[in-house]
Amino acid sequence: MYYNQETVVFVDGKFVKATESTTDLYGQTLHYGYGVFEGIRSYKTDKGTRVFKAKEHYDRLRKSCELVNIPFNYTTEELEELTYELLEKNNLTDAYIRPLVYCDPNMSLTKPNNVSLMICAWEWGAYLGDQQLRLHLSSYCRPHPRSIKIEAKVCGHYVNSVLATSEAKEKGYDEALLLDSDGYLAEGPGANLFFEKDGVLFTPQTGNILPGITRETVLELAKELGVEVKVGLFTLEDLLQADKAFYCGTAAEVIPIESLDEHVFPLKWNDSLGKKLQERYGQLVREQKLQKAA
Ligand code: PMP
């Protein structure tokens, strides 16, 4: 589903067939989840394929490495170039791009001397549906920021996301909502939370969440639309009083939330600020500007 006989991936300086690439079973990332990754999207525009916010994603990849002491020498510009090359080699336009920095064989709990970079991509068509998410308040909380580097996109952190997602789906919901370890609203397993009340937009502050690139974009778009935004610590009560809510992230873009457990948000999506932001986001990612590495 992610690749076929023809698919090309980038591994350590070379473009190779996905079916012919291998990894070492003694790698530290495989055993301890000690590696970092990104999730990026490219879109088809009239002027060519555009990798949306490539710089922000690759800056975050490098920052994630730095935060957890993984040595990584690529520059953002090199990474952007490689990504466009990879898309071209695979004939991809609307795609999901997954760079992964993974560590050499090492069974000890020390930082690595050498790491590898893998970048792969697969087709990710435009999602045209108006699906609304039915959320489940997770029994898991987000990891405490003193246990991990919450701002880094580290492989192992995603066990928390997998547990929360699986729990929600097993109970018949679409997706989970996680609180932070103090009980404040945090985020979804792979997306940031926004909600609105009386024309004001609210979103949890950074500190206990992954600072999403889409979240940042939504904040910019809200400003552009003249919408008042409050960023802070909010409770479950605040959310339950809200008119409407949405998740945002690179993969899902801006996606409405219908309900949290039995509670249904009263405002129609079409009448919400979220809908306006969703439309504006959709336009922005497909704007006809070819954003290529300088
Ligand atoms: N929170 C978590 C835990 C995530 O994994 C993601 C996806 N990277 C997000 C939020 C949204 O971040 P972004 O908008 O940068 O994709």
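Tyr32 counts as partly exposed because its relative accessibility is 38%; buried means under 20% relative accessible area, exposed over 50%, and partly exposed in between (1.4 Å probe, protein chains only). The model is predicted: local features need pLDDT of at least 70, side-chain atom pairs count only at pLDDT 80 or more, and totals for chains, interfaces and linings use all residues. Residues are numbered from 1 along each chain as its sequence is written, and side-chain values use heavy atoms, with hydrogens and water left out.

**Tyr32 and its contacts**
- Tyr32 belongs to helix H1 (residues 28-32); helices (H or I, at least four residues) and strands (E, at least two) are DSSP runs, numbered from the N terminus.
- Leaving aside residues up to four places away in sequence, Tyr32 touches Asn106, Met107, Ser108 and Leu109, where contact means heavy atoms within 4.5 Å.
- Between Tyr32 and Asn106 there are 74 residues of sequence separation and 9.9 Å in space, C-alpha to C-alpha.

**Leu109**
- The loop between strand E6 (95-103) and strand E7 (115-123) holds Leu109.
- Leu109 counts as exposed because its relative accessibility is 73%.

**Helix H7**
- Helix H7 (residues 273-285) has 13 residues and spans 18 Å from its first C-alpha to its last, close to the expected 18 Å (1.5 Å times one less than its number of residues).
- Because 10 of its 13 residues are buried, H7 is largely enclosed by the rest of the structure.
- Among the buried residues of H7 are Leu273, Lys275, Arg280 and Tyr281.
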